[in-house]
Amino acid sequence: MIKATFAPTQKKPLTKSGVRIFSSTIKQGFGIGRIIGYPTLNLVIPDGFALVSGVYGCRVRIKGDLFNGILYYGPNVIVDKKLITLEIHLLPPFTDKRLSTFSALTEKEKIAVFLGVFIRKPMALTSLSTLQKQISLDINKLTNGVVNKL
């Protein structure tokens, strides 16, 4: 269960324009998250998107179901640092109904994202194992409420 709050006031800015909710479309990614055990929803970056790069807690509405997640926006540190990516790893638990919602997702599916707490800025990660360890640390910070103290 997510203990971190998603209150409207944060010590760190979420977006340059103050926007906390956005919608996007799922697109195909490189499959790196799936390889390391953290599959992600890769998203089309909306026009005019001005999110400060980093890792955030979030909630995602997909076909009427609400999921907790962890969002990354910034350079793709493994494939190509010049490529900016927007992706979300959905956090368990999943009921059978919610798992079927997630499993049935296709490219071009529209989702709504509610931004939550800022966790950290992008980091230079050089291997899949360091990426895997860092994602685990980020999820632990989020789910254990550590980010509430920022």
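A residue counts as exposed when its relative accessible area is over 50%, and as buried when that area is under 20%. The legends below apply these terms to a predicted model.

**Figure 1. Lys 81, an exposed residue of strand 5.** Lys 81 has a relative accessible area of 56% and is therefore exposed. Its place is in strand 5. Apart from neighbours within four places in sequence, Lys 81 is in contact with Pro 75 and Asn 76. The C-alpha atom of Lys 81 is separated by 9.3 Å from that of Ala 124, a residue 43 positions away along the chain.

**Figure 2. The whole chain.** The chain contains three helices and six strands. Read from the N terminus, these elements follow the order β-α-β-β-β-β-α-β-α. The chain has 150 residues, of which 42% are buried. Of the contacts between residues at least 6 apart in sequence, 70% join residues at least 24 apart. The chain exposes about 8,400 Å², and carbon and sulfur atoms supply 57% of this area.

**Figure 3. His 89, a buried residue of strand 5.** His 89 is found in strand 5, which spans residues 80-90. With a relative accessibility of 11%, His 89 falls under the 20% limit and so counts as buried. The side chain of His 89 reaches the backbone oxygen of Pro 39 at a distance of 2.8 Å. Pro 39 is also one of the residues in contact with His 89 when neighbours within four places in sequence are left aside; the others are Tyr 38, Thr 40, Asn 68, Gly 69, Ile 70 and Ile 139.

**Figure 4. A nonpolar patch on the surface.** Phe 30, Val 79 and Leu 83 form this patch, and together they have about 260 Å² of accessible area. Phe 30 lies in the loop between strand 1 (21-27) and helix 1 (32-35). The relative accessible area of Phe 30 is 54%, so this residue is exposed.

**Figure 5. The salt bridge between Glu 109 and Lys 63.** Side chains of opposite charge can pair when their charged atoms come close. The structure holds two salt bridges. Glu 109 forms a salt bridge with Lys 63, and the closest N and O atoms are 3.8 Å apart. This pair links distant parts of the chain, 46 residues apart: Glu 109 is in the loop between helix 2 (96-103) and strand 6 (110-120), and Lys 63 is in the loop between strand 3 (54-62) and strand 4 (65-76). Glu 109 is buried, with a relative accessible area of 16%, whereas Lys 63 is partly exposed at 48%.

**Figure 6. The salt bridge between Arg 120 and Asp 138.** In this salt bridge, the closest N and O atoms of Arg 120 and Asp 138 are 2.9 Å apart. Arg 120 lies in strand 6 and Asp 138 in helix 3 (residues 128-143), so the pair ties together parts that are 18 residues apart in sequence. Both Arg 120 and Asp 138 are buried.

**Figure 7. The pairing of strand 1 with strand 6 and strand 2.** Strand 1 and strand 6 run antiparallel and are joined by five bridges. Among these residues, Ile 21 has Phe 114 in strand 6 as its bridge partner. Strand 1 also pairs in the antiparallel sense with strand 2 (residues 41-43), over two bridges. Here, Asn 42 in strand 2 is the bridge partner of Lys 27.

Notes: Residues are numbered from 1 along each chain as its sequence is written. This is a predicted model: local features need pLDDT of at least 70, side-chain atom pairs count only at pLDDT 80 or more; totals for chains, interfaces and linings use all residues. Side-chain values use heavy atoms; hydrogens and water are left out. Helices (H or I, at least four residues) and strands (E, at least two) are DSSP runs, numbered from the N terminus. Buried means under 20% relative accessible area, exposed over 50%, partly exposed in between (1.4 Å probe, protein chains only). A polar contact is a pair of N or O atoms within 3.5 Å; within protein, one must be able to donate a hydrogen and the other to accept it, and residues adjacent in sequence count only if both atoms are side-chain atoms. Contact means heavy atoms within 4.5 Å. Patches are made of residues with over 30% relative accessible area and no salt bridge: like charges are joined within 9 Å, nonpolar side chains (Val, Leu, Ile, Met, Phe, Trp, Tyr) within 5 Å. Accessible areas come from the Shrake-Rupley method with a 1.4 Å probe; for residues, only the protein chains shown count as cover. A salt bridge is a side-chain nitrogen of Lys or Arg within 4 Å of a carboxyl oxygen of Asp or Glu. Two strands pair if DSSP finds at least two bridges between them.
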